[in-house]
Amino acid sequence: MANANLIAAAVEKTGRRPVFHCLGMRGAFDYSHEIAYETDFTNVGYKALANPFSALHKAFRRCDIIFDIGGGDSFSDIYSARRFQLIIASKVAARLHGVPLVLSPQTIGPFHTATARAEAVGVLKLAKHVFARDEPSFDLLGELGIASASSLTTDVAFALPFTSDPDKDARSLASGPIRAGLNVSALLYRRDIATGDRIRLSVDYPALVDGIMSRLVNAPRIELHLVPHVLAAATPHEDDYALAEMLRDRFPSVILPPRFSGPSQAKSYIAGLDLFAGSRMHSTIAALSSGTAVLPLGYSRKFSGLFGSLGYRWNSDLTTETNETVLDRFDAALADLPALQTQTAAANKEAQGRLRTYQIFLDHVAADLVARGV
């Protein structure tokens with residue numbers, strides 16, 4: 001949605017109005033209802049990709065340009081091989097129709113096998129331009145020979161619209177009540193049923209979650225909210241909401257909101273909190289970009305890359321650190337929330353500046369399309 005809004009702003013500067021043909025995996029993740037422009041939605045799947053007469057290929061042919069954001073972090077073989085191959089195949093299919101392809105801001109890599117690396121390079125060379133949302137990804141593009149067609153920016157979710165909480169600024173983080181949010185990733189919690197990925201944690205994630213929740217529910221000034229961010233009822237190992245319901249049964253005092261209908265609604269909820277910790281990357285970006293002090297609980301380079309690029313040093317690495325190290329950092333944040341909020345605001349300011357690189361590119365692309373009579 002944030003990407004669509006940025007593209008739309010560029011198109012409207014030319015006096016035109018955009019039409020979006022939204023393409024994505026599984027209809028459950030269709031949030032096109034949050035886009036304030038004419039839209040339609042088509043699922044991306046192997047059967048649709050293999051059939052040149054499918055609705056997917058018809059959608060490709062209707063496009064003047066394709067912006068592929070790859071879920072923000074899926075252009076890597078850290079997840080299942082099936083997911084990576086779908087990411088690769090969809091980009092190849094788009095170019096088969098001769099439509100210009102732009103890889104919108106996303107994490108590039110890591111690639112753990114020579115085959116995955118070679119496939120990635122082949123697809124990257126098909127793109128008109130590639131935008132990396134963090135410095136390690138941008139450096140990797142240089143190593144892969146894509147430097148001349150790539151740029152460094154940040155995640156488009158920093159531009160995702162939200163509704164602010166009018167009472168938030170009146171609350172005292174030093175002495176008053178604190179609204180704390182916790183996103184628990186089902187992907188990390190349910191390692192017993194997750195298959196085919198390369199995620200290897202150094203922490204005991206369920207025990208870490210218990211430690212954080214116990215601290216918060218027993219703190220006299222804190223009101224704890226569970227904030228599911230990936231809602232995937234069809235895939236139990238991915239569904240944060242079902243997991244949050246289970247945790248609420250164990251910690252009855254926590255607050256669990258209804259299922260969010262889309263990213264902006266989720267961000268607006270997070271914007272009303274004073275402190276947020278989470279393992280879903282876009283939940284932590286929602287916090288950082290809405291003025292909520294945040295503790296990312298990362299499980300891959302995408303976390304350290306993005307937050308490190310913004311000069312934000314409160315990220316935890318769940319693949320190298322221990323439960324004790326993460327909990328100590330959490331305690332340090334609780335001890336000085338005003339300072340954490342100040343650092344959050346500084347990182348958000350840096351992100352908004354970096355996003356201008358992508359916005360300027362979109363302005364040029366939109367103007368060029370109109371000049372060529374598209």
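In the predicted model, Met-213 is in contact with Leu-182, Leu-224, Leu-226, Leu-247, Phe-251 and Val-254, when its neighbours within four places in sequence are left aside. Met-213 also belongs to the largest nonpolar core, which has 65 residues. Within this core, Met-213, Val-184, Leu-226 and Leu-340 touch the most other members. Helix α8 (residues 205–217) supplies the largest share of the core, namely six residues. In soluble globular proteins, nonpolar side chains tend to be buried together.

Two pairs of packed helices were examined. Such a pair is described by the angle between the two axes and by the distance between them. In the pair formed by helix α4 (residues 81–96) and helix α5 (residues 114–124), the angle is about 25 degrees and the axes lie 10 Å apart. Because angles under 35 degrees count as roughly parallel, α4 is roughly parallel to α5. The crossing of α4 past α5 is left-handed. On the α4 side, the contact involves Phe-84, Gln-85, Ile-88, Lys-91 and Val-92, and on the α5 side Ala-116, Glu-119, Ala-120 and Val-123. By class, the residues of this contact are six nonpolar, one polar and two charged.

The other pair consists of α11 and helix α12 (residues 301–309), which pack at an angle of about 20 degrees with axes 11 Å apart. The helices α11 and α12 are therefore roughly parallel to each other. Their crossing is right-handed. Met-281, Thr-284, Ile-285 and Leu-288 of α11 make the contact with Lys-302, Phe-303, Leu-306 and Phe-307 of α12. Six nonpolar residues, one polar residue and one charged residue form the contact of α11 with α12.

Helix α11 (281–288) is also among the elements that cover the buried residues of α10, as is β9 (275–278). In helix α10 (residues 263–271), the buried residues are Ser-264, Ala-266, Lys-267, Ser-268, Ile-270 and Ala-271.

Ala-55 is located in helix α3 (residues 55–62). The relative accessibility of Ala-55 is 49%, so this residue counts as partly exposed; the exposed class begins over 50%. Between Ala-55 and Thr-42 there are 7.0 Å in space, C-alpha to C-alpha, while the two are 13 residues apart in sequence.

Note on methods
Residues numbered from 1 in each chain as written. Predicted model: local features only at pLDDT ≥ 70, side-chain atom pairs only at ≥ 80, totals over all residues. Heavy atoms only, no water. Axes fitted to C-alpha atoms, helices over the stretch in contact; angles between N-to-C directions. Helix = DSSP H or I, 4+ residues; strand = E, 2+ residues; numbered from the N terminus. Parallel < 35°, antiparallel > 145°, perpendicular 65-115°, else oblique. Left-handed = near helix turned anticlockwise from the far one by under 90°. Contact = heavy atoms within 4.5 Å. Nonpolar A, V, L, I, M, F, W, Y, C, P; charged D, E, K, R; others polar. Core = buried A, V, L, I, M, F, W, Y, C linked by side-chain atoms within 4.5 Å. Buried < 20%, exposed > 50% of the residue type's maximum accessible area, 1.4 Å probe, protein only.
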